[in-house]
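Here are some notes to read alongside the model. Keep the structure open and find each residue as you go.

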Amino acid sequence: MTLPPAYSVRNLNFYYGRSQALDDISMEVQQNQVTALIGPSGCGKSTFLRCLNRMNDTIQNTHLEGQVLLNGVDIYSDTVDVVDLRQRVGMVFQKPNPFPQSIFDNVAFGPRVLGMVKDKSELEETVENSLKRAALWEDVSSNLHKDALSLTLGQQQRLCIARVLATKPSVILMDESTSALDPIATLRIEDLIQELKQDYTIVIVTHNMQQAARVSDYTGLFWLGKLVEFSLTTEIFTRPSQELTESYITGKMG
Ligand SMILES: Nc1ncnc2c1ncn2[C@@H]1O[C@H](COP(=O)(O)OP(=O)(O)OP(=O)(O)O)[C@@H](O)[C@H]1O
Ligand SMILES: [Mg+2]
């Protein structure tokens with residue numbers, strides 16, 4: 001069964017002031033799959049990721065051309081509610097950024113602000129389910145009111161994932177979300193990504209080629225703001241169609 005794509009990005013150009021960061025990007029992001037974006041520093045991966053939930057809107061003096069359709073609807077059209085969009089498209093950043101509050105309050109934050117739960121017991125259920133889905137429940141269930149900053153970095157990053165899950169998104173964007181973690185914590189997050197793709201569309205940015213090869217179904221190589229190649233991960237890593245891709249993944253360039 002082929003699902004319709006989550007995102008259809010069409011001829012996307014993005015500018016910071018007069019400097020063009022993305023050049024005519026067209027790509028489809030498949031539902032319930034993991035898409036990895038790779039490429040050297042400054043090639044536009046984060047900029048592209050932020051186009052997917054309009055996070056770039058918060059940066060002054062930027063300009064976008066082209067279309068980003070999510071489930072067939074252009075997220076840049078005037079009728080789209082950005083708060084609603086960011087609830088549907090959650091983001092996990094490079095460094096874990098829990099609020100200096102309890103574990104419980106971190107996960108409860110989104111549902112509270114968005115008015116998603118009717119009472120305390122529904123909130124508790126949402127927090128528990130989110131922590132379970134983020135593979136953190138076993139670590140923290142006996143101590144939900146502990147300060148989130150007392151957790152290890154790997155746990156903090158899973159908490160940030162739980163915080164995103166609590167708002168019931170359909171897409172999760174992860175910008176180098178394991179780069180601050182040790183190898184064991186990284187593998188735990190990679191396992192989690194594999195599990196979560198059953199229910200979520202996931203787009204990750206990574207500098208780690210092995211990670212892209214291990215966890216993603218599709219990979220796109222960005223280079224100087226252009227999408228050089230986009231294909232099934234197995235194709236990219238075994239028989240790339242572009243010489244540049246081959247050079248990059250074998251470490252000869254970038
Ligand atoms: N807030 C900003 N204001 C101005 N220019 C920016 C801004 N953010 C990024 N850029 C520029 O846009 C281009 C793409 O940057 P981007 O951060 O998307 O690259 P990246 O592929 O994510 O790099 P890295 O791997 O280092 O994170 C770069 O030339 C960068 O300097
Ligand atoms: Mg980046």
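Before we start, one term: a nonpolar core is a set of buried Ala, Val, Leu, Ile, Met, Phe, Trp, Tyr and Cys residues joined through C-beta atoms within 7 Å. Also keep in mind that this is a predicted model.

1. **The core.** With that term in hand, look for the largest nonpolar core, which has 64 residues. Leu-37, Leu-52, Ala-162, Ile-172, Leu-173, Ile-202 and Val-203 have the most contacts inside this core. Helix α6, residues 153-165, gives the most to the core, with 6 residues.

2. **Zoom in on Ala-162.** Which residues is Ala-162 in contact with, leaving aside its neighbours within four places in sequence? They are Val-107, Ser-130, Leu-131, Ala-134 and Leu-136.

3. **Now Val-140.** You'll find Val-140 in helix α5, residues 137-140. Is Val-140 buried or exposed? The cut-off for buried is 20 or more other C-beta atoms within 10 Å. Val-140 has 22 C-beta neighbours inside 10 Å, so it counts as buried. Not counting residues up to four places away in sequence, Val-140 touches Ile-103 and Leu-131. Val-140 and Ile-103 are 37 residues apart in sequence, yet their C-alpha atoms are 8.0 Å apart in space.

4. **The whole chain.** Step back and you can count 10 helices and 10 strands in the protein chain. The chain's radius of gyration is 18 Å, close to the 18 Å that the globule rule gives for 254 residues, so the chain is as compact as a globular protein of that length. Its C-alpha trace spans about 55 × 45 × 40 Å along the principal axes. Of the 254 residues, 40% count as buried. Take the contacts with a separation of 6 or more: 67% of them are between residues 24 or more positions apart.

5. **A sheet to trace.** Strands of a sheet pair through backbone hydrogen bonds, either parallel or antiparallel. Here, 4 strands form an open sheet in the order β2-β1-β4-β5, with antiparallel pairing. The edge strands, β2 (19-29) and β5 (73-74), each pair on one side only. Between β1 (residues 7-16) and β4 (residues 62-70) there are 8 bridges.

6. **Around the ligand.** Finish with the shell around ligand 1, which has 4 nonpolar, 6 polar and 1 charged residues. Among the residues around ligand 1 are Tyr-16, Gly-39, Gly-44, Lys-45, Ser-46, Thr-47 and Ile-59. What gives the largest share of this shell? Helix α1, residues 45-51, does, with 3 residues.

Key:
Residues are numbered from 1 along each chain as its sequence is written. Chains are lettered from A and ligands numbered from 1 in the order in which they are written. This is a predicted model: local features need pLDDT of at least 70, side-chain atom pairs count only at pLDDT 80 or more; totals for chains, interfaces and linings use all residues. A residue is near a molecule or strand if its C-beta atom, placed from the backbone, lies within 6 Å of it. Helices (H or I, at least four residues) and strands (E, at least two) are DSSP runs, numbered from the N terminus. Ala, Val, Leu, Ile, Met, Phe, Trp, Tyr, Cys and Pro count as nonpolar, Asp, Glu, Lys and Arg as charged, and the others, Gly among them, as polar. The radius of gyration is taken over C-alpha atoms; the globule rule is 2.2 Å times the number of residues to the power 0.38. A residue is buried if 20 or more other C-beta atoms lie within 10 Å of its own, exposed if 12 or fewer, and partly exposed in between; C-beta atoms are placed from the backbone. Two residues are in contact if their C-beta atoms, placed from the backbone, lie within 7 Å. Two strands pair if DSSP finds at least two bridges between them.
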